[in-house]
Amino acid sequence: MITIAIANQKGGVGKTTTAINIATAMAATGWKTLLIDLDPQGNASTGLGIEAAARENTSYDLLLEQATLPECVLPTDIPGLDIVPATQDLSGAEVELVSVEDRTGRLTQALAQHAHAYEVCFIDCPPSLGLLTLNALCAADTLLVPLQCEFFALEGLSQLLQTVERIQQGFNPDLGIVGVVLTMFDRRNRLTDQVADDVRDCLGGLVFENVIPRNVRLSEAPSHGMPALVYDHQCPGSRAYIGLARELIGRLPETRKAA
Ligand code: ADP
Ligand code: MG
């Protein structure tokens, strides 16, 4: 199993939208896929149609060792895509984890014994660099960073990259960055274009060719409890995520590509 953390400490940059749709695209391509909702807001869970009442064991229980991965996993309506849902409880974990042993390694431990059940695991991170995100970065093989083309986007990114370096030095030397995806891209907006150019100048090939356009269908889909790829698979946003999934698969290590 390859584990991909979708992280950026800024809120509202498209992490959850990316997590839901890229996980769906990978599952549709035949990869046995797991999505771990690691944001107390539970938007990935809601967006995949998991009712609050159905979230019996959650990522909170997983982190606090109150349940095992198989006990936390729920199927989704998408064949080949399972989810570990999240609820508000998870916001408490940020504090409760402070005093436990190996507080950044809890997710790694929880996934270790069950890695064989899935080919790819995405982790939808919360908008912070707290213990939840640190657990995700320790458990991950690689990082996928959604970046909204706005002023200060690069400043936020450098803070994230510093954190990644710290994790590499301390806990997870093999942590990679599979790529940066530009989200909510609006070609008519000159600032967007300019920031995109700056980001490509700065990061080069790390930036995915596929950009995700600003597309209202992507923001409508979650209120119907389904990925945009199911809600309207032909909309520009869905097509962009299919392209991104293809590009992502091309960047994964050869040994893990077969599916
Ligand atoms: P994050 O998880 O980083 O906080 P979200 O994925 O929840 O970000 O996106 C924030 C908001 O923007 C949500 O309302 C979402 O539906 C909307 N959104 C995300 N990506 C797009 C897009 N490409 N086009 C239009 N709306 C989008
Ligand atoms: Mg989110």
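This is a predicted model: local features need pLDDT of at least 70, side-chain atom pairs count only at pLDDT 80 or more; totals for chains, interfaces and linings use all residues.
Good morning. I begin with a hairpin: β3 and β4 form one, with five residues between them. In its turn, Gly80 has a positive phi of about 85 degrees.

Leu74 has Ile83 as its bridge partner in β4. Strand β4 covers residues 81-84; Leu81 and Ile83 point one way, Asp82 and Val84 point the other way, and all are buried.

From β4 we move to β2. These two strands pair in the parallel sense, over four bridges, and Ile36 stands opposite Val84 in β4. Strand β2, residues 33-37, also pairs with β5, again in the parallel sense, over five bridges. There, Asp37 stands opposite Asp124 in β5.

Strand β5 has a further partner in β1, residues 2-6: five bridges join the two, and they run parallel. Ala5 is found opposite Ile123 in β5.

Why is β5 described as largely enclosed by the rest of the structure? The strand spans residues 120-124, and five of its five residues are buried, so the rest of the structure largely encloses it. Both faces are covered, with Val120, Phe122 and Asp124 buried on one side and Cys121 and Ile123 buried on the other.

For Leu137, setting aside neighbours within four places in sequence, the contacts are Ala5, Ala7, Leu143, Val164, Ile167, Asn172 and Leu175.

I turn now to the ligand. Which residues come nearest to ligand 1, of the 18 around it? They are Gly14, Lys15, Thr16, Thr17 and Ser219. By class, the shell has six nonpolar, ten polar and two charged residues. Two helices, α1 (15-28) and α10 (216-220), each supply at least two residues of this shell. Helix α1 gives the most, with three.

Finally, the annotation. An unreviewed UniProt entry places the feature "domain: AAA" at residues 3-176. In the model, that span is 40% helix and 16% strand, and its end C-alpha atoms lie 11 Å apart. Thank you for your attention.

Key: Residues are numbered from 1 along each chain as its sequence is written. Chains are lettered from A and ligands numbered from 1 in the order in which they are written. A residue is near a molecule or strand if its C-beta atom, placed from the backbone, lies within 6 Å of it. Ala, Val, Leu, Ile, Met, Phe, Trp, Tyr, Cys and Pro count as nonpolar, Asp, Glu, Lys and Arg as charged, and the others, Gly among them, as polar. UniProt positions are given in the numbering used here, feature names are shortened, and annotations may be inferred rather than shown by experiment. Two residues are in contact if their C-beta atoms, placed from the backbone, lie within 7 Å. A residue is buried if 20 or more other C-beta atoms lie within 10 Å of its own, exposed if 12 or fewer, and partly exposed in between; C-beta atoms are placed from the backbone. Two strands pair if DSSP finds at least two bridges between them.
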